Amino acid sequence: MDEKMKDLVHKLAECVHMCNDCFNACLDEEDVKKMKECIRLDKECAEICSATQNLIYGGSHFKKEVLSLCKTICRQCADECKKYPMDHCQNCAKACEACESACSDFLNDSYDGVC
């Protein structure tokens, strides 16, 4: 596995971790209803990042489409998390932005290799 692939896989895993942390912390917030969209996006982002990681490892023929969707969801999750001052939301936003960037880099290089 080359360095670009390793970086992408690392960023995907980190994003899953941070989105799950944010998801759980949001459920403990005083006004959970206010956090509804953040919770939903945390869940979706963690799921797409995990699926993307699995498909990339598996050499999927749909990696470009999956990476594009992952990038889009990471951006939306980051934008939502940035609305809140809590550390868990801010940390999640940073991880989502890093993952979005790694997906973009991978897509821009038109990488056709597999692990």
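**Notes on helix packing and burial**

1. Gln53 counts as buried, because its relative accessibility is 15% and the limit for burial is under 20%. The model is a predicted one, and this value is computed from it.

2. Gln53 belongs to helix H2. Once its neighbours within four places in sequence are set aside, the residues in contact with Gln53 are Val9, Leu12 and Ala13.

3. Helix H1 is formed by residues 3-27 and helix H2 by residues 36-57; the two pack with their axes 8 Å apart, at an angle of about 155 degrees. H1 is therefore roughly antiparallel to H2, since angles over 145 degrees fall in that category. The crossing in which H1 passes H2 is left-handed. Sorted by class, the residues in the contact of H1 with H2 comprise 19 nonpolar, four polar and two charged.

4. Helix H4 runs over residues 87-108 and contains 22 residues. From its first C-alpha to its last, H4 reaches 31 Å, which is close to the 32 Å expected at 1.5 Å a residue.

5. Which residues of H4 are buried? They are His88, Cys89, Cys92, Ala93, Ala95, Cys96, Cys99, Glu100, Ala102, Cys103, Ser104 and Phe106. The cover over these buried residues of H4 includes H1, H2 and helix H3 (63-81).

6. An α-helix has 3.6 residues a turn, so residues three or four places apart point the same way.

Definitions and conventions: Residues are numbered from 1 along each chain as its sequence is written. This is a predicted model: local features need pLDDT of at least 70, side-chain atom pairs count only at pLDDT 80 or more; totals for chains, interfaces and linings use all residues. Side-chain values use heavy atoms; hydrogens and water are left out. Axes are lines fitted to C-alpha atoms, for helices over the stretch in contact, and angles run from 0 to 180 degrees between N-to-C directions. Helices (H or I, at least four residues) and strands (E, at least two) are DSSP runs, numbered from the N terminus. Angles under 35 degrees count as roughly parallel, over 145 as roughly antiparallel, 65 to 115 as roughly perpendicular and the rest as oblique. A crossing is left-handed if the near helix is turned anticlockwise from the far one by less than a right angle, and right-handed if clockwise. Ala, Val, Leu, Ile, Met, Phe, Trp, Tyr, Cys and Pro count as nonpolar, Asp, Glu, Lys and Arg as charged, and the others, Gly among them, as polar. The expected span of a helix is 1.5 Å times one less than its number of residues. Buried means under 20% relative accessible area, exposed over 50%, partly exposed in between (1.4 Å probe, protein chains only). Contact means heavy atoms within 4.5 Å.
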